[in-house]
Amino acid sequence: MKRKGQNLQESMIQPAKRVNIVSLKLVRESSVLYMERRIQSPKDAYKLLKPFLADADREVFVVVCLDTKNQPTAINVCHVGSLNASIVHPREVMKAAILSNSASIIVAHNHPSGHCEPSREDIEVTKRLVEAGGIVGIDVLDHLIVCPDRYLSLKEKGYI
């Protein structure tokens with residue numbers, strides 16, 4: 001026969017929790033040659049990213065990781081969305097930048113519709129990324145919207 005409180009004591013005793021020991025690493029899937037070596041303007045970033053984004057049939061959000069001299073070190077496809085939407089979280093954007101030891105980043109996504117005007121969500125995501133970057137010490141230099149024949153820089157438009 002169990003005494004009062006015995007069930008409570010038994011429920012407080014739990015088996016040990018197994019905790020995984022992990023390591024993180026960035027895996028290079030491929031590479032591209034970038035002749036300009038440094039990104040000095042939104043146009044330079046557009047030239048680098050146009051082949052990745054301009055002809056995509058869905059929204060693709062990428063992160064360009066940069067070193068202290070604004071030389072691109074990595075490009076990460078952070079998210080592939082639907083025809084007209086891509087849900088981007090700062091945690092996913094900063095993950096690639098942190099693993100790449102980036103000093104700064106440029107983020108970009110395409111508008112398959114061909115209309116380069118930023119949506120309210122584009123502006124809000126940009127503000128959140130700038131804030132998150134400030135916390136972890138990685139500057140968000142620009143957010144480009146890439147269309148097949150042109151681009152829009154949210155920095156040039158005054159959103160950053």
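The following conversation asks how the labels given to this predicted model rest on computed values.

Biologist: How many helices and strands does the protein chain have, and what pattern do they follow along the sequence?

Modeller: The protein chain has four helices and five strands, where helices (H or I, at least four residues) and strands (E, at least two) are DSSP runs numbered from the N terminus. Read along the sequence, they give the pattern α-α-β-β-α-β-α-β-β.

Biologist: Why is the protein chain called more spread out than a compact globule?

Modeller: The globule rule, 2.2 Å times the number of residues to the power 0.38, is set against a radius of gyration taken over C-alpha atoms. For 160 residues the rule gives 15 Å, and the radius of gyration of the protein chain is 21 Å, well over that value, so the chain is more spread out than a compact globule. The C-alpha atoms fill a box of roughly 80 × 30 × 30 Å along the principal axes.

Biologist: What makes the pair of glutamate 36 and lysine 47 a salt bridge?

Modeller: A salt bridge is a side-chain nitrogen of Lys or Arg within 4 Å of a carboxyl oxygen of Asp or Glu. The N to O distance between lysine 47 and glutamate 36 is 3.8 Å, so the pair meets the definition. This pair links distant parts of the chain, with glutamate 36 in the loop between helix H1 (6-12) and helix H2 (42-53) and lysine 47 in helix H2, 11 residues apart. The structure holds six salt bridges.

Biologist: Are glutamate 36 and lysine 47 buried, exposed or partly exposed, and how do you know?

Modeller: Buried means under 20% relative accessible area, exposed over 50%, and partly exposed in between (1.4 Å probe, protein chains only). Glutamate 36 has 38% relative accessibility and therefore counts as partly exposed, and lysine 47, with a relative accessible area of 43%, is partly exposed.

Biologist: What makes Arg91, Glu92 and Lys95 a network?

Modeller: Salt bridges link the three residues. Glutamate 92 meets arginine 91 at 3.5 Å, N to O, and lysine 95 forms a salt bridge with glutamate 92, where the closest N and O atoms are 3.2 Å apart. Lysine 95 and glutamate 92 both lie in helix H3 (residues 90-99), three residues apart, about one turn of the helix. Because its relative accessible area is 54%, arginine 91 is exposed, whereas glutamate 92, at 32%, is partly exposed, as is lysine 95 at 42%.

Biologist: Why is threonine 126 called buried, and which residues does threonine 126 touch?

Modeller: Threonine 126, which lies in helix H4 (residues 120-136), has a relative accessible area of 1% and is therefore buried. Not counting residues up to four places away in sequence, threonine 126 touches His143, Leu154 and Ile160, where contact means heavy atoms within 4.5 Å.

Biologist: How do you know whether isoleucine 138 and glutamate 29 are buried or exposed?

Modeller: Isoleucine 138, in the loop between H4 and strand S4 (139-146), has a relative accessible area of 4% and is therefore buried. Leaving aside neighbours within four places in sequence, the contacts of isoleucine 138 include Met94, Ile98, Ile105 and Gly133. Glutamate 29 lies in the loop between H1 and H2, and because its relative accessibility is 79%, glutamate 29 counts as exposed.

Biologist: Which residues of H2 are buried, and what do the buried residues of H2 pack against?

Modeller: In H2, Pro42, Asp44, Ala45, Tyr46, Leu48, Leu49 and Leu53 are buried. The buried residues of H2 pack against strand S1 (60-66), strand S2 (72-80), strand S3 (104-110), S4 and strand S5 (151-153). In the protein chain, buried residues make up 37% of the 160 residues.

Technical notes
Residues are numbered from 1 along each chain as its sequence is written. This is a predicted model: local features need pLDDT of at least 70, side-chain atom pairs count only at pLDDT 80 or more; totals for chains, interfaces and linings use all residues. Side-chain values use heavy atoms; hydrogens and water are left out.
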